[in-house]
Amino acid sequence: MATKSHFLDTSGGADPVWIHTEPYSKRPQYKPITEDIKTDVCVIGSGIAGISVSYELVQRGVKVVMLEARDILSGESGRTSGHLSSGIDSGFVELASKRGQDGAQLAVDSHTYAINRVGEISKELGIDCEYRQLPGYDISQYERGQDGHEDDIKDFKEEVKKMNELGIKASYQEGFAIRGWDGKVDQRDAVTYPGQATFHPTKYLLGVLKWLTKQPNFQCYTRSRVMSVEEKGLLSKEVKVTTESGHTITCVNAVEATCVPLQKLSVVAELEYFRTYCIAIRVPKGSIEDCLLYDSKDPYHYVRFTACDDKDDYLIIGGNDHKVGQEPEDGRYAELESWVRDRFTQAGSVDYKWSGQIFEPVDYSAFIGKNQGQSHIYICTGDFGNGLTHGVLAGKLIADEIMGLENEWSKLYNPKRIPAPSKVPGMIAHDVQINTQYKRFLQSDIKDIEDLVPGTG
């Protein structure tokens, strides 16, 4: 069972693989806020979005205060699977149908920027974070000869055509097999595309944070939970950020780099919430091709690798997503393990099992920029399974907007956009389902005060 101190380290009950080489004890410690402060920008959240926004602003001479409710990297950025991909969960054919060809192009350009930006920053700051660019492979969930395989191949060929239109050098390769896939399951044939990447997310973010901490225009406070973010006055350029302890940060702009912004409606109603599961299983070092792998299942399996020790690497596989609160965890880790062992027979022990949260926007694009109805409050949410690249590109997009610089990515990610009419019924159905689920908490089995067990009132 997770303890209160463990909750300060990470948002889940089980630890992710990233602590294997970068334990919680190595993370920097910051103090809680103890006084009212004035600054240029207040960034709320110390995950990849908050750290990236802070880095881009501090580099430009802006004075930044970062607040974190718990300890550094205790949220979803520390529980990711660590892939940096320009691929979108919906696929580019579907994205283009909803956001247009120009919108799909902006998605490719911005995510490609993010992939390269991590490499640039890690090199500039000398961060050893296992960053490397890799090919991505998409395969059918079905074996050759099974019903569904040919349908997947047809879809793959359409996706390749669209990817090439958008500048991704993708190709369909019949008979393609991943080196090291020695199991009997035959899922050959793949879409292959270069220019993807992977890294150790917490090593990277701690490296950036180390640089930030040395800068005179940066301050960080942990265990300082934010309770409200408000613009004061109709024509005011002042934002008040209030913490649980009652202290106030007065700033020109505030950035809510949190999984869910501090509001009740608007973009929150345009998100669906999913839980995804991961395991890290040992494989002999170099025995399997270093790549990013995705299958066509819905929800899909995703695979990548990270360092373990001198003998082994960790194969990280994730998937088996479900809507939050709708299904149990039962059997999901076991299914992931079986999937690996059926395909990679050299797999060894499973050393880590963990889960994370995914926030999916109804129109396949994250919400990054000025919040709805606000002039000086910015948000970053709705990462749609691409939280790492969204967080990095949010650094540039939000920093540009705060500095008054035009950034064409805002056309795609603007939180003030209106959802397509075709998506409204789905949004309503989702919200009704969630509210119906919690209706039970408005009911009670208690008929008399004598029925109330001590300690349960």
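Two strands pair if DSSP finds at least two bridges between them. Helices (H or I, at least four residues) and strands (E, at least two) are DSSP runs, numbered from the N terminus.

What you see is a predicted model, where local features need pLDDT of at least 70, side-chain atom pairs count only at pLDDT 80 or more, and totals for chains, interfaces and linings use all residues. Residues are numbered from 1 along each chain as its sequence is written, and side-chain values use heavy atoms, with hydrogens and water left out.

I will talk about strand 10, residues 248-256. Eight of its nine residues are buried, where buried means under 20% relative accessible area, exposed over 50%, and partly exposed in between (1.4 Å probe, protein chains only).

Now the partners. Strand 1, residues 37-44, runs parallel to strand 10, with seven bridges. In that pairing, isoleucine 44 has glutamate 256 of strand 10 as its bridge partner. Strand 17, residues 377-381, is also parallel to strand 10, over three bridges. There, valine 255 stands opposite tyrosine 378.

Strand 9, residues 239-243, is antiparallel to strand 10 and joined to it by four bridges.

Why does glutamate 270 count as buried? Because its relative accessibility is 6%. The C-alpha atoms of glutamate 270 and leucine 388 are 20 Å apart, with the two residues 118 apart along the chain.
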